[in-house]
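Look through the sequence and the model before reading on.

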Amino acid sequence: MRRKIPPTSALLCFEAAARAGSFAQGARTMNLSQSAFSRQIQSLEAQTGQTLFKRERQRVQLTGAGRMLLEELSPQLEALEATFYRLRTRDNPYGALNIGTYPTLGSRWLMPRLALLAQAQPRLTVNTITYLDNDQVDAGLVDLAIVQGDPPWPGFRADLLMPETLIAVAAPGLLAGPLRNAARLLEVPALQHTTRLLSWQIWFDDMGETLPARPTGPLFSQFEMLIDAVKYGHGAAILPELLVRRELAEGTLIQAHPHRCTPASAYYLLTPQAKAGTSRIERVRSWLLREAAAGTGT
């Protein structure tokens, strides 16, 4: 069945006139004569059965129907434009690419690798998009995304990127050295990440020990702030080792207990299903998987 949609040319003319508030300016934007431009608007009004503009001398104003159409049409035109951009550049190994990541993982693990990628592929532009929670990953915005958790990820192809090792850390001024009795860590404030409230439980369970008390320390929505809080002696925390390698090497943090926990949940590299097969996305995906497998750098 044929879709009852006005011609795209009429919709573009409508948006141009609505943005400019003038048929004359809209016609120049569309590179049309003013009479041809007006016919496009008249055709659209006839097909919708609505008056979309109030004509006032040399200016035009949107009617209520016109405002509704503009509000709903503009994002759809932008989405359509983005679709055709992706289609035109699908097999182009160069251009722009959006990688989604958590803020601290992005600055501490991804950024050093993107510097190497820029040297290897200087004609590729990589943008980063950050989120704090997996529910914020938008397949329409990202071409690749790094997440921590467990599959499946509906609408995405998921590649195992790397496991996650959790360790207990504290400031050297807070503890004289690593503790043998893990329960004593709960005697100092047990700091937590808002999206990782089970980290202490997971770490104790992995040792085969019972968590002696529910952690009641402050909550932090970003790992960067949580790491700083531990460094400044506010308490101990269970953190992904790859996020604190620099501090452990510098001595600004110590491993507060020898136990290392590698849970089943891990880091995954996601590709939106609709974008799988795009040349530049596949090249960066393969490169990141190789980098993670090599385990080099920070």
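What volume does the second largest pocket have? In this predicted model, the volume of the second largest pocket is about 390 Å³. Its lining is made of 21 residues, and A82, R86, D143, K275 and R280 are the closest to its centre. Two or more lining residues come from each of α4 (64-88), β3 (95-101) and α9 (279-294). The largest share, five residues, belongs to α4. Sorted by class, the lining of the second largest pocket holds 10 nonpolar, six polar and five charged residues.

The largest pocket has a volume of about 440 Å³. It is lined by 26 residues, with Y102, Q148, T195, R196 and F223 the closest to its centre. Here α5 (103-120), β5 and α6 (199-207) each give two or more residues to the lining, and α5 gives the most, three. The classes in this lining are 12 nonpolar, 10 polar and four charged residues.

Turn next to the helix α3. It has 15 residues and spans 21 Å from its first C-alpha to its last, close to the 21 Å expected. The buried residues in α3 are A36, F37, S38, I41, L44 and E45. In an α-helix, residues three or four places apart point the same way, because there are 3.6 residues a turn. After α3 comes G49, with a positive phi near 70°.

The loop between α2 (23-30) and α3 (34-48) contains N31. This residue is not a glycine, yet the phi of N31 is positive, near 60°. N31 counts as exposed because its relative accessibility is 71%, and the cut-off for exposed is over 50%.

Another loop, between β5 (144-149) and β6 (156-163), holds P152. The peptide bond joining P151 and P152 is cis, with omega about 10°.

Note on methods. Residues are numbered from 1 along each chain as its sequence is written. This is a predicted model: local features need pLDDT of at least 70, side-chain atom pairs count only at pLDDT 80 or more; totals for chains, interfaces and linings use all residues. Side-chain values use heavy atoms; hydrogens and water are left out. Helices (H or I, at least four residues) and strands (E, at least two) are DSSP runs, numbered from the N terminus. Buried means under 20% relative accessible area, exposed over 50%, partly exposed in between (1.4 Å probe, protein chains only). The expected span of a helix is 1.5 Å times one less than its number of residues. On a 1 Å grid over the protein atoms alone, a cavity is a set of points where a 1.4 Å probe fits but cannot get out, and a pocket is an open set with protein on both sides within 12 Å along at least five of seven lines; lining residues have an atom within 4 Å of a point. Grid points are joined across faces, edges and corners, and a volume is the space filled by probe spheres set on the points. Ala, Val, Leu, Ile, Met, Phe, Trp, Tyr, Cys and Pro count as nonpolar, Asp, Glu, Lys and Arg as charged, and the others, Gly among them, as polar.
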